[in-house]
Amino acid sequence: MAQRLSQTPEVWTPDESVTTRWVQQSYEALREKAAANPAAFWESEAKEYLWFRPWERTVDDSNAPFYQWFVGGKTNIVANALDRHLTNAHRNKLAYIWEGEDGSVRTMSFHALDREVCQFAHVLRSMGVRKGDRVTLYLPRVLELPIAMLACAKIGAVHSVVYGGFSVEALNERIQDSESRVLVTADGGFLRGKVIPLKEIADRALERAGTVEHVIVVRRTGQKVAMETGRDYFYDELMTLPLGRAGGGRCETEQMDSEDPLFLLYTSGTTGRPKGIVHTHGGYLVGVAATLKYAFEPRPEDRWWCAADPGWITGHSYVVYGPLINGMTSVIYEGAPTHPYPDRWWRIVERYGVNVLYAAPTAIRGLMRFGEAWANRHDLSSLRLLGSVGEPINPEAWRWYHRVIGGGRCPIIDTWWQTETGMFMVSPVPSMPLKPGSATRPLPGIRAEVLADDGTPVRLGEEGKLVITTPWPAMLRGVWRDPDRYVQQYWSTFPGKYFTGDSARIDEDGYLWIIGRVDDVIKVSGYRLGTAEIESALVSHPAVGEAAAIAMPHEIKGHAIWAYVLLRAGHQPSPALAEELGAHVAREMGPIAKPERIEFVEALPKTRSGKIMRRVLKARAQGLPEGDVSTLEQ
Ligand code: WT7
């Protein structure tokens, strides 16, 4: 069945039983057809979904790079994720099986989820939230997060989810930039048996941000929290409000233009401020639903488990929207993979009969460290497919995941994509021969190239910059309120082409090998952070004059942050101060941004124009030659 691939470095070909959809040949034919006319391919995909009014133009490039998709069409992603399923066979199927870190379980059918969403949509409307208004969601991994996202989308409000592991300054910046009117948070969240005081962090962030009129607090931990009269309300109390005339628990779904914004999701770039990436109702819904269908071939009886937090793009696209649109049952687990023991994930796979597990390499490496006995205690035979996302998966972790977790039968669907792309871009489908560490080839309707700095394609096997050369439906529509930054960041390195920020190479079989970021973005445990954000958190401490952050290779996290700090006059370096600076970054940005190591220095290597040469710091830290330092200020 499979096409012949060169056998180096190593190829693994799946058994035909993993695919119900097609054998490799028909997939190749589809890819070729789509490559000849991507817009026609996406148009035929879009026809599978519900539109209140059909579109007039599939893609409009007249104002490129401000592309528009399904122009003139009207839909709502919630009409596809929920409403449509209330009258089909999915109505009483489980949408979510949720397990708390404390072992509690909560399940919700499509019907029940719709009732919660309708009720919360009604609550938001009663607080004055209208179409186009922004709502910030700062929640732990509980079902109220998808409920709140869907409720916003239903009434045409724009959600901005801030990951629950972020802290005061990161939350404040995101609330301010989005000018949110309402904040939804929780009393606290559980992680590794500890409580994260989300409401307390939110209160401190709100002291610095003025636009929020109301705060809605989900009770998760039951701890006592300060409630400001007239501003703060408990979620469960609001959810008992009568639904009014709509009655019967329903609340009408707003008819949205295809291009109306659905959400903002902030992500790190090369400057200090995070960027609010904008996604829309029409194109995003088609893109996420179709890519999930191709890459993972969901079966009606499947239990799908995307282990990412809904607070990141992976969760938006493949815990919330993609699976619901495809009528799938998802598992959500609240806590840490090692709590209380390192077999927690395998216990969950066994307990719920998970068929597809989609996780990050850093989690796999973290669990691998405890040895295979933890996995071997459990029956993992329900698994059909495994997935990987967030950073390149090293061949050693690939093989362990494949052999120990997948029993040597399950293909590993290694999906390359970004917050900005909204959907999988480069990924195998289950029937494809795999090479450990390669995300294989672009999905149908996606065109990618690897270019040298002068814009010409590199030779086979050579490293270059990964670009996407034609628009795709779930592409970002811009950076919130900053069109120049959108053009500058993504479309000016290679005019007319989308620059991903990644370097890659293509091998003789057309397989892509992602190497990593070429900008000042660091991937720590798969989380995306900007060196500039970490540096500005350090500099906000009174003892710090200047700071530089770099990414150093790390066995489990992929990369770890090392920071170099120049103290202000009157402050002395000490281990206690290094400790305090680390805690300061964790308090301001969030624990994920805390440097692994902080070193005090007398000077930072800079160019004559004053730019910190992180490359030189990195070479020094690794004991490697410093490379070209002709621009270094002496
Ligand atoms: C960056 C995007 C995609 C959702 C989660 C991350 C890296 C992502 C892979 C992969 C190699 C990968 C890239 C990319 N990346 N997936 N399968 N193989 N690298 O989204 O936080 O926006 O980060 O993650 O460097 O540019 P994100």
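Where does Thr440 lie in this chain? Thr440 lies in the loop between E20 and E21. The legends below start with the whole chain and then turn to single places in it. The model is predicted.

**Figure 1. The whole chain, with 18 helices and 29 strands.**
Taken along the principal axes, the C-alpha atoms fill a box of roughly 70 × 70 × 60 Å. Of the 634 residues, 61% count as buried. Among contacts between residues at least 6 apart in sequence, 71% join residues at least 24 apart. The side chains include 72 positive and 76 negative ones, and the centres of these two sets lie 2 Å apart.

**Figure 2. The loop between strands E20 and E21, with Ser431 and Thr440.**
Strand E20 covers residues 412-415 and strand E21 covers residues 448-451, with Ser431 in the loop between them. Ser431 counts as buried because its relative accessibility is 0%. The side chain of Ser431 makes a polar contact with the side chain of Gln24, at 2.9 Å. Thr440 is in the loop between E20 and E21 too. Thr440 has a relative accessible area of 0%, so this residue is buried. Phi of Thr440 is near 65 degrees, which is a positive value in a residue other than glycine.

**Figure 3. Helix H5, residues 144-154, is mostly covered.**
How many residues of helix H5 are buried? Eleven of its eleven residues are buried. Among them are Glu144 and Lys154, together with Leu145, Pro146, Ile147 and Met149. An α-helix has 3.6 residues a turn, so residues three or four places apart point the same way. Just after H5, Gly156 takes a positive phi of about 85 degrees.

**Figure 4. Cys152 in helix H5.**
Cys152 counts as buried because its relative accessibility is 0%. Which residues are in contact with Cys152, leaving aside its neighbours within four places in sequence? They are Leu124, Val135, Ala157 and His159. Cys152 and His122 are 30 residues apart in sequence, and their C-alpha atoms are 9.9 Å apart in space.

**Figure 5. His554 in strand E27.**
Strand E27 covers residues 544-554, and His554 has its place there. His554 is partly exposed because its relative accessible area is 24%, and a residue counts as buried under 20%. A polar atom of the His554 side chain lies 3.1 Å from the backbone nitrogen of Ile556. Leaving aside neighbours within four places in sequence, His554 is in contact with His559, Ala560 and Glu596. Val524 is 30 residues from His554 along the chain, and the C-alpha atoms of the two residues are separated by 8.9 Å.

**Figure 6. Ala360, in the loop between strand E18 and helix H12.**
Strand E18 covers residues 356-359 and helix H12 covers residues 361-368, with Ala360 in the loop between them. Is Ala360 buried or partly exposed? With 23% relative accessibility, Ala360 counts as partly exposed. Cys306 is 54 residues from Ala360 along the chain, and their C-alpha atoms are separated by 9.5 Å.

**Figure 7. Two cis peptide bonds, one from Ala64 to Pro65 and one joining His339 and Pro340.**
For the bond from Ala64 to Pro65, omega is near 5 degrees. Pro65 lies in the loop between strand E1 (57-60) and strand E2 (68-71). For the bond that joins His339 and Pro340, omega is about -5 degrees. The place of Pro340 is in the loop between strand E17 (329-333) and helix H11 (344-352).

**Figure 8. Glu297, a residue with a positive phi.**
Glu297 is a residue other than glycine, and its phi is near 40 degrees. Its place is in the loop between helix H9 (281-296) and strand E16 (303-306). Glu297 counts as buried because its relative accessibility is 2%.

Note on methods. Residues numbered from 1 in each chain as written. Predicted model: local features only at pLDDT ≥ 70, side-chain atom pairs only at ≥ 80, totals over all residues. Heavy atoms only, no water. Helix = DSSP H or I, 4+ residues; strand = E, 2+ residues; numbered from the N terminus. Buried < 20%, exposed > 50% of the residue type's maximum accessible area, 1.4 Å probe, protein only. Polar contact = N/O pair within 3.5 Å; in protein donor to acceptor, adjacent residues only side chain to side chain. Contact = heavy atoms within 4.5 Å. Lys, Arg positive; Asp, Glu negative; His and termini not counted. Charge placed at Lys NZ, Arg CZ, Asp CG, Glu CD.
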